[in-house]
Structures are given as structure tokens and as C-alpha cells.
Amino acid sequence: MNDRYGTDVLATNWRASKTPPPLEQEATADLVVEEASTGWCGAVTGIEGKTVQLEDRHGKRRVFPLGAGFLLEGKPVILVAPKKKTASGPARTASGSFAVADSRARVALPSRIYVEGRHDAELVEKVWGDDLRVEGVVVEYLGGIDDLAAIITDFAPTPKRKVGVLVDHLVPGSKESRIADAVMRGSHGGNVLVVGHPYIDVWQSVKPARVGLKQWPDIPRSIEWKKGICAALGLPNENQADIARAWQAILGRVRNFSDLEPAFLGRVEELIDFVTAPQHRSS
């Protein structure tokens, strides 16, 4: 006989939660998590015994027990101590390249890579510095690209003395795109490569999750961009020293190439390939 009232709800484990249990997450250095009961959000700065230390965006630190009660990108996780890793292959640099053992920096090539500002140069150095020293490539910063055409003329590039330039906010119709187009069409264009990323500033090339954001905020034109970003991060922004400290805090979150946006990574790799390409004897 069919039971027209359906099955007995008490016959199953109705008290059991249908929510899957949280997954384990290794508490690796710089991983950004939130301690659910207190709302404290910070990056992992150390593991000691059965505790984890988290540093928030203001540089303050707190220690919590490892285990359940943490959120990673809004999802519950169980923090566990990282497993000790054994060497399983050649070491890699921060850019992902195979490290060259016992290598010495080469004498600098005559070619150069120029970037717009100090922050660009520091980011390139942190991720690609080992590779650039092996190749003998020097990176210099311009302090803006308004005088790029004159700088290129003074440098006088040749097939054996190339120039690569990385430009911020290189988007159609921008001042930067007009300057870049003029340089590439100039008399030295064949020995110059100007590429760029779409970000207003190199800060945005760092993945926002590295600084505890879901995305970089839109800053009104009436507010200086870097000051607006500092305010969004809850950092002081009254003077240039505050801006410099904010950038060092952001740069400190960058571990390797995986923490940078592909639109930035690809352009730097393109410039390195351009200035280090084997030279062919001219006919």
C-alpha cells in the first residue's frame, strides 16, 4: 500500500547540516584570511606551535589558534600549519623562471628598459630582478613619459642598443598612447618597443586580494588617485611619506609573478625578450 503521507522524516538524520564541512587551508605566508568571531582580517606573518599570527592593513598583529573559525574570500576554512616541502626540481625565481645556480650578474647590456616611475622599477626588480641580472639588463625610471621622444633621441637606439619602454595607463585616446605612437613611428622606431598596461597606476597591477580587497576601488577624478587608494585601504595619506609607506606595504604583499595581473606580466616579459633577443649581423 502506498503511503499517501510520504516518508517518515524522522527516519533520516534530519538534524545533520546539508552544508559541506570547511576545507583545510595551509596558513602560508601572506595568505589573507578573516578570523570569523572577531572580524580581524590580516595576512599570515608567522606560525608558532599551534597558533597563527595575522597582520592587518595597518601593520597591527594578533595571534589566533590554528583550526576552524577562519574565512578565506568569505568561505569557512580550517587553517593548518603548512607542510614542509622537499625539493623536487630546479629552483625558480620570483618570475617563474628556472634559477641559474651560482650565477653572477652579467656586465650590463647597452640596451635598456625604461619604466615610468620608481614604484614601477621597484616592482619589476622584486619579481624579475634575478632574471635581469643574469641577462645584464638595466631598468631605469623616467619620472613620466612627457619627454620620452627626447630621451629616445638622446639614447640613439640601434639594433645592438635597443630600448624598451613600459607605460602606465596605455589605453586608446590617452595622452600616453599618443606619445607612444609618435615614438614608435619615429626614426628609431625599429629599435624601440613601447608597450603598456591598462591600469591607472602600477599599484593596480597587484592583484587586489593581496591587499585584502575584492577589487581596486574607483577613485573620483576630484581626488588624487593614490590618496584615494590609501583612504580605501585605511592608510594615512596626508603627504608623500604616507604614500611611500603605503606602496611599500603593497609591494611587501607581492611574493612572485602569481600575485600580479596578466596584463602587466605579459608586457614586462615582452620587453625583456625584445632587449635580450640575439643580435643578427646586418648585411
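Modeller: In this model a salt bridge is a side-chain nitrogen of Lys or Arg that lies within 4 Å of a carboxyl oxygen of Asp or Glu. The model is predicted: local features need pLDDT of at least 70 and side-chain atom pairs count only at pLDDT 80 or more, while totals for chains, interfaces and linings use all residues. Residues are numbered from 1 along each chain as its sequence is written, and side-chain values use heavy atoms, with hydrogens and water left out.

Colleague: What makes the contact of K175 and D146 a salt bridge?

Modeller: The N to O distance between the two side chains is 3.0 Å, which falls within the 4 Å limit, so the pair qualifies. K175 belongs to helix α3 (residues 175-185) and D146 to the loop between β9 and α2, and the pair therefore ties together parts that are 29 residues apart in sequence. Helices and strands are DSSP runs numbered from the N terminus (H or I, at least four residues, for helices; E, at least two, for strands).

Colleague: Why is K175 described as partly exposed, and why is D146 described as exposed?

Modeller: Buried means under 20% relative accessible area, exposed means over 50%, and partly exposed lies in between (1.4 Å probe, protein chains only). K175 has 40% and is therefore partly exposed, whereas D146 has 55% and is therefore exposed.

Colleague: How do you know that R112 forms a salt bridge with E140, and what parts of the chain does the pair link?

Modeller: The closest N and O atoms of R112 and E140 are 3.2 Å apart, again within the limit of the definition. R112 sits in strand β8 and E140 in strand β9, 28 residues apart, so distant parts of the chain are linked. R112 has a relative accessibility of 18% and so counts as buried, while E140, with 31%, counts as partly exposed.

Colleague: Where do R245 and D242 lie, and what makes each of them buried or exposed?

Modeller: Both lie in helix α5, three residues apart, about one turn of the helix, and their side chains meet in a salt bridge at 2.6 Å, N to O. The relative accessible area of R245 is 54%, so R245 is exposed; for D242 the value is 9%, so D242 is buried. The structure holds twelve salt bridges, and D30, R210, R253, R255 and D259 are linked in a network of them.

Colleague: What is the nearest side chain of opposite charge to D120, and how far away is it?

Modeller: It is K226, at 6.7 Å, and D120 is buried yet has no salt bridge; charge here takes Lys and Arg as positive and Asp and Glu as negative, with His and the chain ends not counted. D120 lies in helix α1, and, apart from neighbours within four places in sequence, D120 is in contact (heavy atoms within 4.5 Å) with V115, D168, H197 and V202.

Colleague: Which residues of the largest nonpolar core touch the most other members?

Modeller: A nonpolar core is a set of buried Ala, Val, Leu, Ile, Met, Phe, Trp, Tyr and Cys residues joined through side-chain atoms within 4.5 Å. The largest such set has 40 residues, among which L123, W128, W203, I250, L260 and F264 touch the most other members. At least two residues each come from β8, α1 (118-135), β11, α4 (225-232), α5 and α6, and α6 gives the most, with seven. F264, leaving aside neighbours within four places in sequence, is in contact with L123, V124, W128, L166, H197, Y199, V202 and S205. A second, separate core has 14 residues, including I145, F155, V165 and V194.

Colleague: What makes β9 and β11 edge strands?

Modeller: The open sheet of four strands has the order β9-β8-β10-β11, with parallel pairing, and β9 (138-141) and β11 (192-196) each pair on one side only. Two strands pair if DSSP finds at least two bridges between them; β10 (residues 163-167) and β11 have five, in the parallel sense, and therefore meet that condition. Within this pair, L166 stands opposite V195.

Colleague: Which helix lies across β8, β10 and β11 at about 165 degrees to β10?

Modeller: That is helix α2 (residues 148-155), and helix α6 (residues 262-276) also packs on the sheet, touching β8, β10 and β11, with a direction about 170 degrees from that of β10. Axes are lines fitted to C-alpha atoms, for helices over the stretch in contact, and angles run from 0 to 180 degrees between N-to-C directions.
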